[in-house]
2 protein chains.
Amino acid sequence: MTIRTEKTIVDIADELGLSVSTVSRALNDHPNISAKTKERVKKMARKLGYRPNAMAAGLRNNKSKTIGLIVPRISMFYPAAISTIIQNKLQEFGYNLIICQSNDSLEQEIALVNTLYSARVDGLAVSATLYTADFSHFDIFKQQNIPLVFFDRVPPKDYNVKVIKGDDFLGGSLATEHLIDQGCKDIVHISGPLTCNLYKERLAGYKDALQKNKLPFKKQRVFFHELTKENAWQTAEKIFSQKPYPDGVFATNDTTALTILEYCRKNGIQVPQQCKIVGYSNDPRTEIVTPSITSVDQYPTTMGERIVAALMDLIQAKHPAAYRHSQEIVPIHLVERESTAGAGKKKK
Amino acid sequence: MTIRTEKTIVDIADELGLSVSTVSRALNDHPNISAKTKERVKKMARKLGYRPNAMAAGLRNNKSKTIGLIVPRISMFYPAAISTIIQNKLQEFGYNLIICQSNDSLEQEIALVNTLYSARVDGLAVSATLYTADFSHFDIFKQQNIPLVFFDRVPPKDYNVKVIKGDDFLGGSLATEHLIDQGCKDIVHISGPLTCNLYKERLAGYKDALQKNKLPFKKQRVFFHELTKENAWQTAEKIFSQKPYPDGVFATNDTTALTILEYCRKNGIQVPQQCKIVGYSNDPRTEIVTPSITSVDQYPTTMGERIVAALMDLIQAKHPAAYRHSQEIVPIHLVERESTAGAGKKKK
DNA sequence: ATGAAAATTGCAAACGTTTGCATGATATTG
DNA sequence: CAATATCATGCAAACGTTTGCAATTTTCAT
């Protein structure tokens, strides 16, 4: 039933009495082809409505001009912001982007790695699942020497691979220190699964800041949950189920910070007077809520640009030696807002 | 320098002393192949670490198992929410998704259509640019009978194609009527470029509601801008540059509504007492801001699911007759919040 | 005009699959 | 046991490009 009307390079060749090789070279501006032949060919291509078949070219060249991206979910602010940048940047380089979501499921992540490999993407950028501890399903990419870049949620150092991440230790420490500077003495930290480097490092930063400021680290003042809104609400209930209330909360993501704020507002706990709050990622929502929430900005634009730069680098170079561990750190900075306003002994 | 280690179907055949055709059929569970051969082949495939080459298969079959998606930008709530759903749904059907952003540039949109065609996507879903009036660059897809679905921002009826859209007329009218019900007499509407069906229809809904309630439609109470935050702020300044202030504002998107609220708060205009506000899309930000903003929910999940359903339908059926105009309407509903609380003569 | 160098074009194989048709092997029937 | 039906496998072409090498044409100095 399908009416074949797709024009190929062969049609152009026939029409012009040329060989397919000449047509191919003409379309690709090969130096061996005379200017006037190129013109003739291109004109005919336009006339026939010819569009190159990327799959055929890809098969022959063993490259797809396509990059794969795996993120937990594209509806979350930080990965969404990064995806946007990556997509736009890659477009400039003539690459397509296949965006996939693991939905934080290891099983889905594994499946995606395989389909993206099957699609023969020329490179892969990944922010792993919360629970990815074993990274061996990414081995094919290393074996076949296909550019592979991890960002944000990354594997441990011994999984030799290119890594671009934020300075989560510094972020955790700055956030905590800021709360201390604003007068907090009893700071709760809400963390995530420690399988994930992010939360481990932010927690370490939190500990470090307490220590440097001679405040005790208390195990029971650290809460763990799985970073959904529902869980955050439960954690809030736990935190405020008994006195004394903390005078500061450092949440490891903004959704949690927003939920804590909501809980406080609904339960008459004054923010920032009674309890100060800091979040992480500088989600736009933290800015518009009342009071606005102090948060750690992760420069998603920089992150996205660096990811693309790294991929393009690896694609160009492509000497098999590329698979050593190499880590790039994207800076962070604290955006101070109303949720941490206070007496504020100023920083020295 | 590259070490070829990619295993192909030929390697499996050699290893087992079978022909490639048998291997191919075995891997695809063709009925003509005996159970034990299938087992042997699959086992060897696993052992060799074989991964199918999607490009080779695609070239042969003339299908890529890939769908293209073009949206203005994936960082905006509504398209982002839809993309999420589409991606997850397609994954279930074994399709990859190439997400592209036109950045509301017609030029980029045209380029994207061509690359996606070159990639030989098996289907294309599009939410057009604000300024796309001529849709002829999508003609190739129609000519080649490749499933094509427009959603949200869609072409006019005479561009015979499958269309899935929200009920924007109803949305505009419900929003306006709600403001009237809450006691507003002088309602400003902030619209977008009328090249885009969405804004035209919401505006029509606004007019209709005024008329039905015997309120005058005044041209100078409708403002047009390009829906960025900066422009929204300028529009706010224009609106409140002279008295009388409007007692209601119906903004055609949430970013604008949020900006109007911000302006009001900074300038001591009480919301909702002095001025009520309604937005469009039910962006999560409208819920958390103070006061929370009434907005029109567009059921992005439903939209995403319908898009995928439509694409899969077209892919299955594929009788060339598919290119008649066909329109599907996704319902909307008004989510009432604090920004329109008021006397409220209740609806009959 | 001659020959060699330079510029342009063509031939044919290859990329990794899938599939119509033919062939070979096994089972079934009278 | 032959003849036939059924099942399992193989052959070879095709999908639309790209590219090394060979062949042809043009250019240019002698």
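## Polar contacts with DNA strand D

A polar contact is a pair of N or O atoms within 3.5 Å. In this predicted model, a polar side-chain atom of A:Asn28 lies 3.3 Å from a phosphate oxygen of DNA strand D.

For B:Thr37, the distance to a phosphate oxygen of DNA strand D is 2.6 Å.

## Surface near DNA strand D

There are 26 residues around DNA strand D, and those that come nearest are A:Ser24, A:Arg60, B:Thr22, B:Arg25 and B:Thr37. By class, the residues of this surface are 13 polar, eight nonpolar and five charged.

Four helices each supply at least two residues of the surface: H2 (20-27) and H4 (54-61) of chain A, and H2 (20-27) and H4 (54-61) of chain B. H4(A) gives the largest share, four residues.

## Packing of H2 and H3 in chain A

The axes of H2(A) and H3(A), the latter covering residues 35-48, come within 9 Å and cross at roughly 90°. The two helices H2(A) and H3(A) are therefore roughly perpendicular to each other.

From H2(A), the residues in contact are A:Thr22, A:Val23, A:Ala26 and A:Leu27; from H3(A), they are A:Thr37, A:Lys38, A:Val41, A:Lys42 and A:Ala45. This contact has five nonpolar, two polar and two charged residues.

Technical notes:
Residues are numbered from 1 along each chain as its sequence is written. Chains are lettered from A and ligands numbered from 1 in the order in which they are written. This is a predicted model: local features need pLDDT of at least 70, side-chain atom pairs count only at pLDDT 80 or more; totals for chains, interfaces and linings use all residues. Side-chain values use heavy atoms; hydrogens and water are left out. A residue is near a molecule or strand if one of its heavy atoms lies within 4 Å of it. A polar contact is a pair of N or O atoms within 3.5 Å; within protein, one must be able to donate a hydrogen and the other to accept it, and residues adjacent in sequence count only if both atoms are side-chain atoms. Ala, Val, Leu, Ile, Met, Phe, Trp, Tyr, Cys and Pro count as nonpolar, Asp, Glu, Lys and Arg as charged, and the others, Gly among them, as polar. Axes are lines fitted to C-alpha atoms, for helices over the stretch in contact, and angles run from 0 to 180 degrees between N-to-C directions. Angles under 35 degrees count as roughly parallel, over 145 as roughly antiparallel, 65 to 115 as roughly perpendicular and the rest as oblique. Contact means heavy atoms within 4.5 Å.
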